[in-house]
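Reader: I am new to this kind of picture and would like to learn how to read it. Could you show it to me and take me through some features?

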Amino acid sequence: MPADVQRYPSLSHWGAYTAVVSDGRLLACEPFHRDRAPSPMIHAMPDMVHSPLRVARPAVREGWLRRRGMGEGRGTDRYVEVGWDTALKLVHEELARVRAAHGDEAIFGGSYGWASAGRFHNAMSQTRRFLYAGGGCTDQVGNYSWGAAQFLLPHVIGTWQPLTGKVTDWNSVAGHTDLVLAFGGMPLRNAQVIAGGAGEHTTAHWLRRTAARGARIAVISPTRGDMPADIPAEWIPIRPNTDAALMIGMACVLLESGRHDTAFLARYCEGFERYAAYLRGDTDGQAKNAQWASAICGVPAERIRGLALDAAGCRALVNCTWSLQRAHHGEQPYWACIALAAMLGQIGLPGGGFSFGLGSINSAGNPRVDAAVPELPEGRNPAARSIPVARVADMLLHPGAPYRFNGEEYRYPDVRLVYWAGGNPFHHHQDLNRLQTAWQQPETIVVHETWWTPTARRADIVLPTTTTLERNDIGASSRDGYIFAMHRALPPQGQSRDDFDIYRELAAMGGYEAAYTESRDAWHWLAHMYEGMRARWARAADLPGAPPFEDFWRQGYVALPPPRRDFVLFEDFRRDPGAHRLETPSGRIELYSERIAGFGYDDCPGHPAWLAPSEWLGADAARHTPLHLVSSQPAHRLHSQLDPAALSHASKIHGREPVRIHPADAAARGIDDGALVRIHNGRGACLAGAIVDDGVMQGVLVMSTGAWFDADDATLERHGNPNVLTPDIGTSQLAQGSSALSALVDIEPWHGAAPPVRAYEVPVIGGE
């Protein structure tokens with residue numbers, strides 16, 4: 001190491017670390033000393049901080065400068081670099097013009113999280129705060145991760161907090177659970193990350209403890225890779241999108257055998273008889289028994305019966321990964337999971353009941369005391385307009401069109417300006433060819449971005465922003481046991497600026513700087529947010545006093561004490577359902593919801609049900625596109641973050657994203673291991689590198705998301721982005737969530753020369 005090395009504590013969504021810096025360059029990142037299983041993604045950060053893909057100066061699309069208000073050329077046009085004064089003047093003029101001519105709702109505030117683990121320099125919070133202070137905007141509600149469950153669960157259990165907050169913790173599971181039914185598995189690739197960052201990666205440790213105590217773990221998934229290889233788990237292959245049918249079949253076994261807990265159902269649940277009538281087939285003549293479920297999900301009927309009866313005879317936990325509800329009718333497996341757990345009668349018992357997200361994200365189920373984290377207030381949106389987050393393309397393509405959402409009917413606003421910061425919709429959205437068409441509709445698109453991502457290359461005005469290592473911040477997650485100081489380790493690269501500084505200058509130009517900043521600079525905001533958290537800790541009986549801000553900043557982190565007892569989801573409700581009523585109309589778990597039934601949605605009835613997705617292996621469309629594409633989270637990056645780094649590149653084949661395929665499916669198509677292949681359906685096509693894997697169910701392809709989108713037109717995506725293939729439809733009229741995992745495709749060898757990957761090319765740039 002050079003003699004002038006300096007070290008700075010910091011935090012990312014994939015873990016805490018110390019930045020090792022010399023002469024203004026990031027040399028390395030050393031994992032936090034308390035992390036027992038740090039993510040290798042930490043070591044990819046030097047590649048990104050000093051990447052040639054950094055946006056060096058503000059840039060404006062050449063075609064937009066010639067003819068404002070036209071989207072033609074987005075994605076292929078040249079850019080002109082301009083000074084900050086010019087760039088901010090253009091942005092200010094566009095915001096003022098659109099507000100005056102079309103109203104505040106004509107501005108779409110498109111920020112979708114994950115840009116930074118910092119609580120202050122959070123792009124979504126900063127963008128909302130700025131746009132709200134200026135008059136408001138069309139906002140977005142929900143998310144791509146668990147959007148269907150977010151709007152279903154309040155109707156069923158009164159809250160969606162178990163998705164992001166506390167579920168029965170791992171200490172309780174490791175100590176009491178005899179059978180873990182892991183629907184969707186518990187893949188460690190997902191458990192590397194958590195929004196807000198983590199001091200420790202704990203999932204593997206807790207899984208090993210649970211298995212070592214003798215708990216049986218059943219991984220119910222199309223791929224064996226959804227459970228760590230060293231965990232002695234039973235793999236139950238299941239057709240994608242059919243988990244609800246399996247759960248319903250298990251529930252019917254309990255009903256037929258009389259093994260359901262009638263006392264629990266009578267005291268704690270509403271509407272069981274209506275659900276039981278569905279299970280018996282009273283209205284449609286079809287009993288939802290094990291044979292019925294087997295024909296749908298591909299799991300043998302005897303195995304379904306065995307799972308149900310085993311669960312009834314021991315302490316069982318039914319866990320659903322978030323991925324289950326990212327599918328057409330994705331509300332149904334979550335509702336069916338709750339109903340199955342209710343019939344087992346173990347909700348509110350140690351190690352029993354249901355859980356969401358164990359294995360979907362790091363720290364889910366982590367034993368943690370209730371403690372506030374620093375928060376930046378976003379304010380109130382004066383425009384009072386929003387859309388479901390996954391309906392962006394619908395909004396841009398169909399202004400004024402009606403849509404139904406969670407019991408109400410709305411119309412899409414006529415958006416003229418998109419203001420995007422801290423996200424890459426050309427990664428996380430579906431049917432990217434459709435999004436690319438929709439992206440041409442707005443008059444102006446402004447993007448804050450650090451690198452020339454696919455989104456930056458499709459913007460009219462690009463404002464360069466700093467990385468987390470180029471600013472001070474405070475990082476924390478509501479699931480993690482630490483609060484971290486994030487010290488600025490490097491000067492801003494090029495002419496990049498913090499989002500806060502950009503918005504502060506724009507707010508000053510608009511005459512509302514005081515409303516946006518509250519007369520604080522960034523440093524004083526950090527102190528204010530921390531001291532607000534410290535005051536809340538002081539009022540909590542089971543928390544130690546947090547040190548003053550200056551001491552915290554010098555120490556680098558504060559650790560929370562372990563909780564005094566295990567947390568069990570709905571323990572208080574089980575003890576006294578009258579004193580701890582749920583926030584549902586009945587105050588109980590609603591296995592039949594009169595409210596949902598009253599919405600009259602044919603795609604989300606009043607009880608859990610098997611509703612065939614638009615695309616699955618039992619659909620007519622499977623005759624032409626006979627493989628189900630499972631687009632998983634990547635192991636070597638966070639979504640599309642870090643994709644240009646060496647770690648992500650090392651996992652690619654021929655420079656493209658890998659796709660896993662069963663040996664029989666590969667042999668039938670003449671595909672060898674390591675071959676370049678074309679995956680296609682009616683929405684698009686992409687190239688990938690084949691991995692022949694008998695741990696993937698026959699009829700299924702598994703491919704990670706996050707390869708930077710690389711296509712000039714709808715003909716072929718060259719890099720392996722599966723979202724050119726996934727459908728852009730809502731899960732249902734109730735939740736309007738993402739249906740990314742309901743995608744049928746086919747695959748074939750690629751013959752001839754492969755087109756070069758151009759995802760990491762910087763656009764042609766000139767000077768003003």
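Predicted model: local features only at pLDDT ≥ 70, side-chain atom pairs only at ≥ 80, totals over all residues.

Reader: What do the side chains of Asp551 and Arg554 form?

Author: The general idea is that side chains of opposite charge can pair when their charged atoms come close. Here Asp551 and Arg554 meet in a salt bridge, with 2.5 Å from N to O.

Reader: Is Arg554 buried or exposed?

Author: Arg554 counts as exposed, because its relative accessibility is 61% and the cut-off for exposed is over 50%. Asp551, at 25%, counts as partly exposed.

Reader: How many salt bridges does a search of the whole structure find?

Author: The search finds 58 salt bridges. A further example is Glu62 with Arg78, where the closest N and O atoms are 3.5 Å apart. This pair links distant parts of the chain, 16 residues apart: Glu62 is in helix H2 (residues 62-66), and Arg78 is in the loop between H2 and strand S5 (79-81). Both ends are partly exposed, Glu62 with a relative accessible area of 22% and Arg78 with 38%.

Reader: Now for the rings. How many aromatic pairs does the structure hold?

Author: There are 43 aromatic pairs. To read one, look at the distance between the ring centres and then at the angle between the planes. For Phe32 and Tyr557, the centres are 5.1 Å apart and the planes stand at 80°, so the pair is edge-to-face.

Reader: Where do Phe32 and Tyr557 lie?

Author: Phe32 is in the loop between strand S3 (25-31) and helix H1 (45-49), while Tyr557 is in strand S22 (residues 557-559), so their pairing ties together parts 525 residues apart in sequence. Both residues are buried.

Reader: Which residues form one aromatic cluster?

Author: The members are Phe120, Phe130, Tyr419, Phe500, Tyr503, Tyr512, Tyr516 and Trp525.

Reader: How do I read two helices that meet?

Author: Look at how their axes approach and cross, then at the residues in contact. The axes of H5 (residues 147-156) and H13 (residues 331-344) come within 9 Å and cross at roughly 35°. H5 passes H13 in a right-handed crossing.

Reader: Which residues of H5 and H13 meet?

Author: From H5 come Ala148, Ala149, Leu152, Leu153 and Val156, and they meet Glu331, Tyr334, Trp335 and Ile338 of H13. Eight of the residues in this contact are nonpolar, none is polar and one is charged.

Reader: What about the phi of Phe570?

Author: Most residues other than glycine have a negative phi. Phe570 is not a glycine, yet its phi is positive, about 65°. You will find Phe570 in the loop between S22 and helix H21 (571-575), and it is buried, with a relative accessible area of 12%. Gln736, also not a glycine, has a positive phi of about 50°. The loop between strand S28 (700-704) and strand S29 (744-749) holds Gln736, which counts as buried at 11% relative accessibility.

Reader: Last one: where is Pro58 found?

Author: Pro58 is in the loop between H1 and strand S4 (59-61), and at 1% relative accessibility it counts as buried. The C-alpha atoms of Pro58 and Pro464 are separated by 5.9 Å, although these residues are 406 residues apart along the chain. Beyond residues up to four places away in sequence, Pro58 touches several others, including Val80, Trp84, Leu463, Pro464 and Gln495.

Definitions and conventions: Residues numbered from 1 in each chain as written. Heavy atoms only, no water. Axes fitted to C-alpha atoms, helices over the stretch in contact; angles between N-to-C directions. Helix = DSSP H or I, 4+ residues; strand = E, 2+ residues; numbered from the N terminus. Left-handed = near helix turned anticlockwise from the far one by under 90°. Contact = heavy atoms within 4.5 Å. Nonpolar A, V, L, I, M, F, W, Y, C, P; charged D, E, K, R; others polar. Salt bridge = Lys/Arg side-chain N within 4 Å of Asp/Glu carboxyl O. Buried < 20%, exposed > 50% of the residue type's maximum accessible area, 1.4 Å probe, protein only. Phe/Tyr/Trp six-rings, centres within 6.5 Å; stacked < 30°, edge-to-face > 60°.
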